Amino acid sequence: MNLPQGRLLRQRVLSSPETVLTGALDRRLTGYARLEPQETLLLSADRVGVVTFVDGVPVAAYHTAPDASGTDALTEIASSGPYRLGLYELEESALDRIHESESARVPPEMPARVLGGDQQLIERTRQRAPNDRLESESNGRDSLAAVEAFLENEQQIEAIRDRAQSEAESRADEWNLPVE
Amino acid sequence: MVEVFAVASGKGGTGKTTSTLALGMALADDYDVTVIDADTGMANLLFHTGLSDRETTLHEVLGGDEPVEAAIYERFGMDVIPCGTSLSGFREADPARLREVVATVAEQTDVILLDSAATLGSRSAVLPIVLADRVVIVVQPTIPAISDGLKVQEYATTYGTGIAGVLFNRVTQDEGIDRVSDKAQQYFEGEILASIPESEEVREARRASQPLLAYAPESEAARSYRNATDSLTVRDGEEGTVADRFRNAVIPEL
């Protein structure tokens with residue numbers, strides 16, 4: 001899935017993905033956040049997560065390598081920090097294509113639930129979201145249910161562990177640390 | 001006997017320092033406990049123990065200016081070695097000297113708790129995990145925090161450090177936490193030691209510069225920490241052997 005390049009508003013390294021959502025909500029961003037895990041640089045993989053927003057409210061998400069969209073993409077993003085974040089502004093019409101993809105769309109508060117579960121952020125997002133989206137898309141799944149679903153995905157957890165192990169070994173090499 | 005635990009999370013905001021001191025106070029009922037602030041870049045322990053005005057801290061010891069004994073303070077039934085907050089102290093501190101500090105302390109205590117950095121992004125942040133016998137992993141029941149906890153576990157096992165257990169901290173929802181805890185158990189090598197509820201008492205204790213177990217010993221969170229230490233069996237290690245192991249640990253110069 002490709003988006004036209006937006007206007008870069010902010011670029012930084014962050015460890016908590018929730019910060020992205022707060023930033024987009026505060027700015028009433030229409031555009032997207034691009035999150036690239038820092039380990040990508042270390043392990044030379046092309047892994048990028050994208051969350052789109054309209055008026056600060058999340059609309060869709062996708063992820064590359066592994067290829068995932070919607071809530072699965074959010075889970076992938078949630079488990080891949082710390083990140084290099086880019087926040088981009090883009091015309092809403094340029095986001096139409098991804099917003100028309102049912103598989104990429106997420107309920108307005110779902111990113112807040114999956115990326116950290118902060119209740120205040122969830123409430124603020126719901127207050128800002130248009131009523132028709134709350135009625136048709138919110139599925140009432142709570143934050144711990146999202147965590148449970150994550151823990152049921154053994155394959156994804158194994159991937160996290162494998163990546164962390166490679167990272168630890170690679171850093172041991174770099175930092176000259178003893179490895180068992 | 002002596003065993004060295006690193007209390008780590010790989011992520012900020014999980015309540016590592018609160019947990020380190022709570023576990024330390026609970027273990028101090030049965031053992032001589034020393035708590036060391038091993039997060040030399042973002043020291044926190046001193047604010048939780050009323051030691052923010054002390055001039056001699058781990059920074060001065062790691063900088064080679066003071067012996068470790070000068071930075072040990074008896075607080076709340078434990079020996080506490082705080083770290084300073086000045087940038088110059090951080091710059092002059094040689095993290096590799098932590099090995100010598102732990103070796104010296106190991107000769108005079110039963111349990112050493114290393115309050116570790118909230119990141120795995122630098123060599124000095126990872127060092128406590130490399131040096132410890134076992135790690136206590138502190139996570140919140142969120143996907144990012146559990147993922148970071150799993151990363152800490154992989155780093156630890158890669159460097160030959162065991163997993164003592166996992167604390168679910170700052171739990172806001174009672175309903176569902178048992179299911180999350182049960183499901184998480186299959187991926188962690190140590191036991192899930194406890195679920196600690198989010199509580200106002202923790203914030204009040206921090207404001208009062210006291211550990212939770214001193215400020216609100218009867219709170220639900222304090223009780224949960226005590227339960228956690230019931231599941232944490234401290235292993236016997238010969239003082240001399242542990243001290244030698246640390247002195248001889250292969251931690252090359254930066």
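Predicted model: local features only at pLDDT ≥ 70, side-chain atom pairs only at ≥ 80, totals over all residues.

Biologist: At what angle do the axes of H8 and H9 of chain A cross?

Modeller: The axes of H8 (residues 143-152) and H9 (residues 154-175) of chain A cross at roughly 75° and come within 5 Å. Helices are DSSP runs of H or I with at least four residues, strands are runs of E with at least two, and both are numbered from the N terminus. Axes are lines fitted to C-alpha atoms, for helices over the stretch in contact, with angles from 0 to 180 degrees between N-to-C directions.

Biologist: Which residues meet there?

Modeller: From H8(A), A:Phe150, A:Leu151 and A:Glu152 meet A:Glu154, A:Gln156, A:Ile157 and A:Ile160 of H9(A); contact means heavy atoms within 4.5 Å.

Biologist: Is A:Gln156 buried or exposed?

Modeller: A:Gln156 is buried, with a relative accessible area of 9%. Buried means under 20% relative accessible area, exposed over 50%, and partly exposed in between (1.4 Å probe, protein chains only). Leaving aside neighbours within four places in sequence, A:Gln156 is in contact with A:Asp72, A:Thr75, A:Glu76, A:Ser79 and A:Phe150.

Biologist: Turning to chain B, which residues of H8 are buried?

Modeller: In H8 of chain B (residues 177-185), B:Ile177, B:Val180, B:Ser181 and B:Ala184 are buried. They line one face of the helix, because their directions seen down the axis of H8(B) fall within an arc of 100°. The arc is that of the directions from the helix axis to the C-beta atoms. B:Asp178 and B:Asp182, on the other side of H8(B), are exposed.

Biologist: What covers that buried set?

Modeller: The cover of the buried residues of H8(B) includes H8 of chain A, together with helix H7 (143-158), strand S7 (162-171) and strand S8 (191-197) of chain B.

Biologist: And where is A:Gly86?

Modeller: A:Gly86 lies in strand S6 (residues 83-89) of chain A and is buried, with a relative accessible area of 3%.

Methods:
Residues numbered from 1 in each chain as written. Chains lettered and ligands numbered in written order. Heavy atoms only, no water.
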